[in-house]
Amino acid sequence: MKASDLRVNNWVIEKSTGKEIRVGAINDISISPLIPNCKVSKAKQVLLYDWIKPIPLTEDWLLKFGSEEINKNVFIYSRFRLIWKEGYKYWYILERSFSTYLTKIEFVHEWQNFVFTMDNQELTNKELEIC
């Protein structure tokens with residue numbers, strides 16, 4: 001991963017622990033995770049980009065972010081339809097009403113960034129919310 005892939009509040013995995021963490025600060029070489037009071041860690045904890053990896057976007061993550069399953073491997077969120085493409089291991093993102101192809105998404109942070117870019121909305125994960 002690299003700085004240009006991420007935004008503050010994106011979810012990633014710390015490789016050494018397998019722990020899902022939320023990004024609190026970003027610089028050229030590392031991130032700092034958020035701590036439970038939603039401030040950047042005061043312990044100066046930093047994670048180099050080699051120490052983190054993206055989280056695959058699964059059905060569970062879509063549900064945590066408020067998507068609705070309408071058929072097997074088909075979800076809707078806001079104005080988007082997501083269709084799982086098993087052979088490719090990613091989600092096709094379509095405009096819900098007209099079925100216009102928009103993009104493909106493989107990871108949680110990509111879905112967060114897409115929704116933020118398209119709808120100016122921050123996805124929240126109610127099960128893992130820390131603030």
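Guide: Buried here means under 20% relative accessible area, exposed over 50%, and partly exposed in between (1.4 Å probe, protein chains only). Asparagine 10 is buried, at a relative accessible area of 0%. This is a predicted model, where local features need pLDDT of at least 70 and side-chain atom pairs count only at pLDDT 80 or more, while totals for chains, interfaces and linings use all residues. Residues are numbered from 1 along each chain as its sequence is written, and side-chain values use heavy atoms, with hydrogens and water left out.

So where does asparagine 10 sit? You'll find it in the segment before strand 1 (11-14); strands (E, at least two residues) are DSSP runs, numbered from the N terminus. Its side chain makes a polar contact with the side chain of glutamine 112 at 3.3 Å. That term means a pair of N or O atoms within 3.5 Å; within protein, one must be able to donate a hydrogen and the other to accept it, and residues adjacent in sequence count only if both atoms are side-chain atoms. A polar atom of the asparagine 10 side chain also lies 2.7 Å from the backbone nitrogen of arginine 7.

Leaving aside residues up to four places away in sequence, asparagine 10 touches Asp5, Ile21, Arg22, Val23, His109, Gln112 and Asn113, with contact meaning heavy atoms within 4.5 Å. One of these, aspartate 5, is partly exposed at 26% relative accessibility. The aspartate 5 side chain meets that of lysine 2 in a salt bridge (3.9 Å, N to O), that is, a side-chain nitrogen of Lys or Arg within 4 Å of a carboxyl oxygen of Asp or Glu. Lysine 2 is partly exposed too, at 49%.

Methods:
Helix = DSSP H or I, 4+ residues; strand = E, 2+ residues; numbered from the N terminus.
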